[in-house]
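Let's take a walk through a structure together, one stop at a time. Have the picture ready and look along as you read.

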Amino acid sequence: MTGFVDAFTVLAVGSGAIFFLAGTLGLLRFPDTLSRLHALSKADNLGLGLIVIGLLPHATSVSAGLKLACVWLLAQLSAATASQLIAGVARNRRPRA
Amino acid sequence: MSALANAPFYVTTSGGYLLVLAIILPAVAVLAMLLVPPRHVARIAFAVMAAGLAVALVIVAELVGTGMALAYVVGGWQPPLGLALRADGLSAAMLAMTAVVICATGLFARFHQCLEPETQDGRAATTFWPLLMAIWSALNAIFVGEDLFTLYVALELLTFAAVPLVCLDGRAETIAAALRYLMFALLGSLLYLLGAALLYGVFGALDIHSLSRLDGGAPAVTVALGLMIAGLLAKAALFPLHLWLPPAHAGAPAAASAVLSALVIKAPVFLILRLVLDVAPSSAGPLAGQIFIGQILIGQILAVLGASSILFCSVMAFRQQRLKLMIAYSTVAQIGYLFIVFPLAAGTETLPAWGTIAWTGGALQLVSHALAKAAMFMAAGAVAEAFGHDRISDLGGFGRILPISALAFGLAGLSLMGLPPSGGFIAKCLLLTAAVTGGHPWLAATILAGGLLAGGYVFRIVDRALATPAVELVARRPIPRRLEAVALVLALAAVGVGFVPLQPFGFLQLGRPAVSAMVAP
Amino acid sequence: MSSISNPATLFGLCGAALVGIGLFTVIVHPGLLRRIVGFNILGAGIFLIFGAVARRGAGAGFEGDPVPQAMVITGIVVAFSATALAVAMLQRLFDLTGRATLEPPAPEGRPGSET
Amino acid sequence: MNALLDVVLVAGLLALALHVARARDDQGAIVGFIAFGFLLGLGWVRLASIDVALTEAAIGGGVTGLLLLRVEAHTRDSSAPDRTARPITIAAAAVLCIAVTAGLAFVILNLPSPPPTQAPAAAAALDATGLENPVTAVLLAYRALDTLLEKVVLILALVGVWSLAPDHLWGGAPELRPAVVPEPLSYLARVLPPFGVLIAVYMFWVGADAPGGTFQAGTILAAMWLLVMLAGLRAAPDTRRVTLRLLLIVGPAVFLAVGFLGFAMAGGFLAYPAGAAKPIILGIEAALTLSIAVTLGMLVSGPSKRAPTS
Amino acid sequence: MPDFLTGAAVFILVVTGLGLFRVLRSQVAVERMMAVQLLGTGGAAVILLLGTATASDALTDVALLLMLLSAFSCAAFTLGQSSSATATERAEEKP
């Protein structure tokens, strides 16, 4: 049983880490602000989500698991609004720059 | 460690709660002032000033009565885990002096505010009071605090109260001066905190008693003390870190200048004194007989800086065109005297620092300068209020219109010059004697030269006051006598300090190990 | 001589370096805002040194000495108050004069400086 | 593996600090500083000071960032050109700073071993307080006087900030709302605060026994209040309003009142009666949390920008 | 297991750090604010991993706080942007 859970965690956390790498690569390679923003917020959030899922079986209590889920929920919320805010500013700025 | 595990050093004494009141009463006033309408703020201030003055006097009486230091262990938690407050003779003298100057400043500020009834409930007038009370609370905490971190918080409280006072009038120049002051003060407190961090790392305690008994780790202690003293010097405006002081003290409203120059600047000096005497490993430590080389070095450096302050800033004061700037430069010069005390009061095996005449001289200089400088700034405030400016060249004959202020200025000047009868005379006389007998001729020469220069800049003003100008000087508005009287009372008090006997003063040694006990191996 | 690989020592040294960087910014940088940020870096370095001391003092079932940890929390509060006051003063200075430095305005028309 | 993590963290911290010191424009420096605050939070986790990590993340990464970004936006077009220091000054400053760092490093490498610590004393006294978080015990029992003075410092800083208002606006309200509020911001200001309040209450509640406590909770509440004011959902209150003033001082006032009650009930100032220490401390903390939230919020908002309504 | 989790944390920290420096060196002001978003998410991931690796529950609270405040800082930043943009627009309209 533990072996199965551990394998699951390794898989989920590992692929989460890959998504973080992908987000950074996108940030380094993509040409313009908006696509960089897109790469970053999508990939990093997926990465965080996978890590949370991978860590859930290790939660010591229900409340600890709930808090983990809350972290991810907050990340969703913050990423969505933050990227919209940034995108909004970027659009306003573009004609000037 | 076994010595520490025995009977605790800090035991709450009978009047110990008074120390708590001295810190907390003004803090209560700050909170209350936020709640009441502006017109009642000054009333709270006066109620607390009366109570605080009484507390300070009772502390002094208690100390004289019992002949022992007052102590209070807060919440019953023994240091070094908990916090203690302690007042020895020097602390009690500081508490009393602070209470007197604060109360006088409060009266002066109130009389001054009454001149302009329309702004009496306005921003500057109302904000002044909580800031004054916070300064009082912070100063009392610095004088009786025994834990270096409590002292840090108190230093910051002092900064945050003093800086807004500087720019209370809201002009761009004063805000720039206040910002520069804030930068120096913050740098000073952070360096102090850094030193405290190192001391905690070495000793695992921050109360002064534990630190004074522990020895070892001397290089670390030197680094820590060096940082702390450097930080405090920036706050004390010793040459060459004095650049922020003249614009800040000269730009502040008169009552604020009096408090800043007389009291606020003394807090870091007092802390340096405690660090050098009590924390730096010295002859009083377990290694009796071996005087710590660092203490002598620190003393020499401080004395050189102090002497430079005296000479350079006295000359600068003489060259100023504006009265308040002149007084502010004079503050830096007079602070210099407090730093030449360090090599002079370096104790020996048989005579601890607090038994020397230089120690008494330094303490008297602290007190008499506070009284005299507050009086001078108030007199200058009255002059500026009467004529609408403080350009020295255009003040010819102001003594005819404001005789009381001119008299207060002259009497306060006696103390700065070191002429009898005045507290400054006794102080400088003791320092001079200590310098001559202790084999420091260059310090003796500095003291004499500083006195002459002070005579120069004080007589320049007195001469203006008595001059007969070509164009009759006309007061912009009449100045009530009571406003001038406050300055005169303080100046007279500075003169009165001059009547203490010319010898090591017993009160200042209260709460310190007895002189004779130190002879034992 | 304690080992550098010990996290307490490593972060302590990091704190020492931060103090240096913060101090340099505070002394050298002409802009007031940057100086205020420099003060915060300097403060962070000092707090890290406290943290290293606290970590070393682990014992009695605690992972660190709680006394310096509490001091850091108090210190952070005080540092924040200082930042807020400095920022408000800077903003007021800018509103009144249009500059954000303590340098006097450009030395134009100062008598005698032309020659 | 842990050592590698520490090295990466320290390298990141130093690089960010250098970026802050050398960035060309202030905005870049401030963003670097906010990132620095987040990373420092991680550092505190590695130093096993979770209480400090929470405080640092909340203050360094959050509220200080807003404070600095607002003033940067306000003063961006400052007219005076930045005069750089003379090379000799720079060289002298560099030598001084390197000397300080070297001195500190020397002391840190030579700290005594075994290290002196108050941890055993703090643990031994913990029973008397009924608390389980030793940091909370230090802040509110062993060294409560420091904490009390620190609260006065906060309030005094606010008095100082308020005193910077122009005379005719004194007593009025500060202004945080920008001319145009972007739509996502007002969405965020509606959705985030419930989360924030929940987390703050939780943080306060666990603070007695686990990392967290009054200051962290108060900071989160302040951040949420600021967000609401930024989005213009609620206007900032007049600084002379009595309710605001009451909230400001309720925490320190309760603290002081308990301190004085100690004279009568427990034999000394700020002493807690045996057995009842924990509920009393929780009461003080609740009041302090409110006061801290209001004080921090008003500190960030700055001096009043509108004339008082009367 | 703890070693794997810590290793993953180091990896994410390094990757996030790389992105951070790219963003901070950017000439475009807006891109810099991604730094906060980046470090908020990355930092939360690192802390969660460390918390599970060392079995300390309290670390989840730090991650929660970090996420909450990264959203907050981001809002603050964009606000500074838009307010100054509108301020200059207004200044241009005036004459």
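Are helix 16 of chain B and helix 18 of chain B roughly parallel or roughly antiparallel to each other? Before we look, a word on what is shown: this is a predicted model, in which local features need pLDDT of at least 70 and side-chain atom pairs count only at pLDDT 80 or more, while totals for chains, interfaces and linings use all residues. Residues are numbered from 1 along each chain as its sequence is written, and chains are lettered from A and ligands numbered from 1 in the order in which they are written.

Now find helix 16 (residues 357–387) and helix 18 (residues 403–417) in chain B, whose axes come within 9 Å and cross at roughly 150°. Helices here are DSSP runs of H or I with at least four residues, numbered from the N terminus. Axes are lines fitted to C-alpha atoms over the stretch in contact, and angles run from 0 to 180 degrees between N-to-C directions. Angles over 145 degrees count as roughly antiparallel and those under 35 as roughly parallel, and helices 16 and 18 of chain B are therefore roughly antiparallel. Residues that make this contact include Ala372(B) and Met376(B) of helix 16 and Phe409(B) and Ala412(B) of helix 18; being in contact asks for C-beta atoms, placed from the backbone, within 7 Å. By class, this contact has 10 nonpolar, four polar and no charged residues. Here Ala, Val, Leu, Ile, Met, Phe, Trp, Tyr, Cys and Pro count as nonpolar, Asp, Glu, Lys and Arg as charged, and the others, Gly among them, as polar.

Next, step across to another chain. Helix 6 (residues 148–166) of chain B packs with helix 7 (residues 144–162) of chain D at an angle of about 15°, with their axes 9 Å apart. That makes the two helices roughly parallel.

What about whole chains? Six pairs of chains touch, and the most contacts are between chains C and D. Chains A and C have no contact, and their closest C-alpha atoms lie 20 Å apart. Chains C and E do not touch either, with their nearest C-alpha atoms 12 Å apart.

Finally, visit chain A, where an unreviewed UniProt entry lists residues 6–28 and 72–90 as "transmembrane region". Residues 6–28 of chain A are 100% helix, with end C-alpha atoms 33 Å apart. Residues 72–90 of chain A are also 100% helix, and their end C-alpha atoms are 26 Å apart.

Note on methods
Parallel < 35°, antiparallel > 145°, perpendicular 65-115°, else oblique. Contact = placed C-beta atoms within 7 Å. UniProt positions renumbered as here; feature names shortened; annotations may be inferred.
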